[in-house]
Amino acid sequence: MEQYDVVIVGAGLAGLYCAQNLGAAGVRVMLIDRKTNLDGAVHTTGIFVRRTLEDFDLPEDCLGPAVRQVSLYSPKRRRQDMESQFDEFRVGRMGLLYQRYLSRAVMNGVRWSPATLFGGGEANANGSRIRLTTGGKDWEVQTRFLIGADGAQSRVGAALGLDQNQEWIVGLEEVYSGVPLDGAPRFHCFLDAKLSPGYLAWVVHDGEEVHLGVGGYVEHFKPTEALELFRRSVAGSVVDLSKSRLLEKRGGRIPVGGVLRRIANERGLLIGDAAGAVSPLTAGGLDPCLRLSRMAANVIIAAMRANDPAMLNQYSGELFRARFVSRLWMRRIIAKVRRQAWLELACAAMRLPGLSSIARHVFFGRGSFPDVPLEADNKAPLERPV
C-alpha cells in the first residue's frame, strides 16, 4: 500500500497552495481531485484584494489589470462612485493559476491524482487508511495526516469528525470577453433584495474580462432566474454585451458562518471553504484561503519535525472567530433584510459626507484574515512513524 505524510483532498486554490508549500519542505504529499482538468469548473470569481496582492507572490500573467474604481448601486440604481489611490483588486485567471500552482506542486514532488474520488477513511496507529476511487477502480493509501480542501460541504471534515458549515449563500456567475470598456476598470456592486437576498449582484470589468453574477440565500431566490434578470438589466447600461463571447459559467456554495471552531485534530485538518475560511460579511474567500493554507502547511511541518501530532491543535478556529464577531453580527442583520426600502435607506446614508467612509472601508479597508505565528523548530528534520 502506498504511504504518504499528507493526503490533500481538493485541488482548488487552498489545496494547491498548501500542497506546493508542503512539497517544498520535503513532505510526501498526494493531491487528489474529482476533476480531470483544473482549468474547467472553476467555482470562484477570483477577486484578489490589495493585501493579498501585497503579501503573496501571485504570478503576474495569472492576474487581470488592476481595478481602483468601485460603483455601489442602490435598489433604485442610485449610484455612488468611489476611487482608491491604490490597486485595490485584480481578477485572477483562475484556470491558469490552478495549472501554475499544480506545476509547482508536482515539481516539489507532490503526486497528482486527478479524476479521483475520496471514499472515506479510518483511523489507525499511524494516521488514516484512505479509500479512493479512480476510473472505477477502488484503492487505498495510508497517510499520517489528511487535509480537507473539498469545499463548503466537506466529506473530509465529516470523516475526521470535525465541524461542518451550516450557513451559506449561493453564487452564480458568467464570464465574458470582447466587452468594450468605457473608462477605467471598475467593480460595480448592486444591492437588491430581490436579485441577491442577503448578498449582492456584481459586474467586474477589468478591460479584458467581464464577470457578471448574483449571490444570495438560495431559500429566498432562484439563482438562474435572478442572473438572467440581472444580465438584462445591466446590458447596454452598465456593460455592452452585444458582441461579447461567453467564456464560462461558474457557481457554487459560499459558507458565511465564519471559520468553524473545530477544524483540526491529530489525524488532519480543514482549509479553504471546508474550514469556513470566508469573510462572513463580504464572502471574500481568497485572502483567508491563502493565509489559512499557509498556516496549515506550517503546522503540519511543525508536527512532523517534533514528531507530535498533537501540535495540530494549534490550528484552531477559535483563534480567528473573535476577530470576526462584528462581521458575524452584520451577516445576521443582512440575512434578515428583505425590504428594498431598507437597502435604499442604507445606501442613501452611505452617500452622506459623514458616513461615506463606511462604504470606502468595506471596499478599500486593509483588514485581513489574521496570520497566526506558530511555535516550532524550523531547523529540525522531518520525523515519520516507523
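Mentor: Ala 115 has a relative accessibility of 31%, so Ala 115 counts as partly exposed. The model is a predicted one. Ala 115 sits in the loop between β7 (111-113) and β8 (116-124). Its backbone is worth a look: Ala 115 is not a glycine, yet its phi is positive, at about 50°. Most residues other than glycine have a negative phi.

Ala 283 is another such case, with a positive phi of about 65° although it is not a glycine. Ala 283 belongs to the loop between β17 (268-270) and α6. With a relative accessibility of 12%, Ala 283 falls under the 20% limit and therefore counts as buried.

Helix α6 covers residues 286-306, which makes 21 residues. From its first C-alpha to its last, α6 reaches 30 Å, close to the 30 Å expected at 1.5 Å a residue. The helix is mostly covered, as 17 of its 21 residues are buried. An α-helix has 3.6 residues a turn, so residues three or four places apart point the same way.

Next comes the packing. The largest nonpolar core has 74 residues, and the members that touch the most others are Ile 8, Leu 22, Leu 269, Ile 300 and Tyr 315. The element that gives the most to this core is α6, with 13 residues. Back in the largest core, Leu 22 can be followed through its contacts. Neighbours within four places in sequence aside, Leu 22 is in contact with Val 6, Ile 8, Val 27, Val 29, Ile 147, Ala 297, Ile 300 and Ile 301.

The aromatic rings come next. A pair of aromatic rings is described by the distance of the centres and the angle of the planes. There are seven aromatic pairs in the model. In one of them, Tyr 17 and Phe 56 have ring centres 5.8 Å apart and planes at 75°, so this pair is edge-to-face. Tyr 17 lies in helix α1 (residues 13-24), while Phe 56 lies in the loop between α2 (50-55) and β4 (69-73), so the pair ties together parts that are 39 residues apart in sequence. Both Tyr 17 and Phe 56 are buried. Another pair, Tyr 73 with Phe 190, is stacked, at 4.2 Å centre to centre and with 5° between the planes. Tyr 73 is in strand β4 and Phe 190 in strand β12 (residues 186-190), so this pair links parts of the chain 117 residues apart. Tyr 73 counts as buried because its relative accessibility is 5%. Phe 190 counts as buried too, at 1%. Tyr 17 and Phe 56 also form one aromatic cluster together with Tyr 101.

Arg 50 lies over the face of Phe 86, 4.2 Å from the ring centre. Arg 144 has its charged end over the ring of Phe 145, 4.9 Å from the centre of that ring.

Definitions and conventions: Residues are numbered from 1 along each chain as its sequence is written. This is a predicted model: local features need pLDDT of at least 70, side-chain atom pairs count only at pLDDT 80 or more; totals for chains, interfaces and linings use all residues. Side-chain values use heavy atoms; hydrogens and water are left out. Helices (H or I, at least four residues) and strands (E, at least two) are DSSP runs, numbered from the N terminus. The expected span of a helix is 1.5 Å times one less than its number of residues. Buried means under 20% relative accessible area, exposed over 50%, partly exposed in between (1.4 Å probe, protein chains only). A nonpolar core is a set of buried Ala, Val, Leu, Ile, Met, Phe, Trp, Tyr and Cys residues joined through side-chain atoms within 4.5 Å. Contact means heavy atoms within 4.5 Å. Rings of Phe, Tyr and Trp (its six-membered ring) pair if their centres lie within 6.5 Å; planes under 30 degrees apart count as stacked, over 60 as edge-to-face and the rest as tilted. A charge sits over a ring if NZ of Lys or CZ of Arg is within 6 Å of the ring centre and within 35 degrees of the ring normal.
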